[in-house]
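Here is a short report for a reader with the structure on screen. Keep the view open and find each residue as its name comes up.

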Amino acid sequence: PRKKGDPMRFTSCLVGLCLVATAALAQQGPPPPGPEVKRLGVFEGKWTGEAEMKPSAFGPGGKMSSMDDCSWADGGYQLVCKGSSTGAMGKMSGTNVMGYNADEKAYKFMGYDSMGMMTTATGKLNDKTWTWTGTDKMGGKTVHSRYTIVETSPTSYTFKWETSEDGKTYATIAEGKS
């Protein structure tokens, strides 16, 4: 028998309340994706693109064509895009994921391709202009990237990819439309 006011009784009640609250939250599930996440829906679907690549550390210049298929991951928080392209360096394929980080109030991008590149970027949206920036290593050197997308209609956009060694002076690597 325990005495009235026994600390073990209080602890048992507290643990019981925590278990009930956890079970209730588990039944409700996570909150639905917010408007920032849903804004990524502009990229959902099948896309074809064409670009002009400039000669750079990323390869020789020339025309490039691409196809992408973007769909929501389970839960609807991330958009997953699988794509392929053909250009001066031949055929390649890749996968990327875009989402929104509410804690950082920023869009996030992660991608990899069949040429061995892996990259991450942080994005900002201003009206219909998306600006993705990232810093990676290539051949032992730091490379800053800026990828700008401008929505020109609900079914098309233009893009420009720029790189910089110092993070201040950028050179255009590719421009195109999808």
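Glycine 111 lies in strand 5. The model shown here is predicted. Is glycine 111 buried or exposed? Its relative accessibility is 11%. Buried means under 20%, so glycine 111 counts as buried.

Now look for its partners. Leaving aside neighbours within four places in sequence, glycine 111 is in contact with Thr95, Asn96, Met117, Met118 and Thr119. Take threonine 95. Glycine 111 and threonine 95 are 16 residues apart in sequence. In space, they are 5.7 Å apart, C-alpha to C-alpha.

Together with Met89 and Met115, Met117 makes a nonpolar surface patch of about 260 Å².

Methionine 115 sits in the loop between strand 5 and strand 6, which spans 118–126. Its relative accessibility is 40%. Exposed means over 50% and buried means under 20%, so methionine 115 counts as partly exposed.

## The nonpolar cores

In soluble globular proteins, nonpolar side chains tend to be buried together. In this model, the largest nonpolar core has 17 residues. Which of them touch the most other members? They are Leu40, Phe43, Met98, Trp130, Trp132, Ile149 and Tyr157. Strand 1 (45–53), strand 3 (79–87), strand 5 (106–113), strand 7 (129–138) and strand 9 (156–164) each supply at least two of its residues.

Zoom in on isoleucine 149. Not counting residues up to four places away in sequence, isoleucine 149 touches Phe43, Lys128, Thr129, Trp130, Trp132, Tyr157, Thr158 and Phe159. Another core lies apart from the largest one. This other core has 6 residues, including Met53, Phe58, Val143 and Trp161.

## Strand 10 and its two partners

Strand 10 covers residues 171–177. Which residue of strand 10 is the bridge partner of glutamate 52? The partner is glutamate 175.

Strand 9 also runs antiparallel to strand 10. How many bridges join strand 9 to strand 10? There are 6. Here, glutamate 162 has threonine 172 of strand 10 as its bridge partner. Strand 9 and strand 10 form a hairpin, with 6 residues between the strands. In this hairpin, glycine 167 takes a positive phi near 80°.

Definitions and conventions:
Residues numbered from 1 in each chain as written. Predicted model: local features only at pLDDT ≥ 70, side-chain atom pairs only at ≥ 80, totals over all residues. Heavy atoms only, no water. Core = buried A, V, L, I, M, F, W, Y, C linked by side-chain atoms within 4.5 Å. Buried < 20%, exposed > 50% of the residue type's maximum accessible area, 1.4 Å probe, protein only. Helix = DSSP H or I, 4+ residues; strand = E, 2+ residues; numbered from the N terminus. Contact = heavy atoms within 4.5 Å. Pairing = 2+ DSSP bridges. Patch = residues over 30% accessible without salt bridge, like charges linked within 9 Å, V, L, I, M, F, W, Y side chains within 5 Å. Areas by Shrake-Rupley, 256 points an atom, 1.4 Å probe, with all protein chains shown as cover. Salt bridge = Lys/Arg side-chain N within 4 Å of Asp/Glu carboxyl O.
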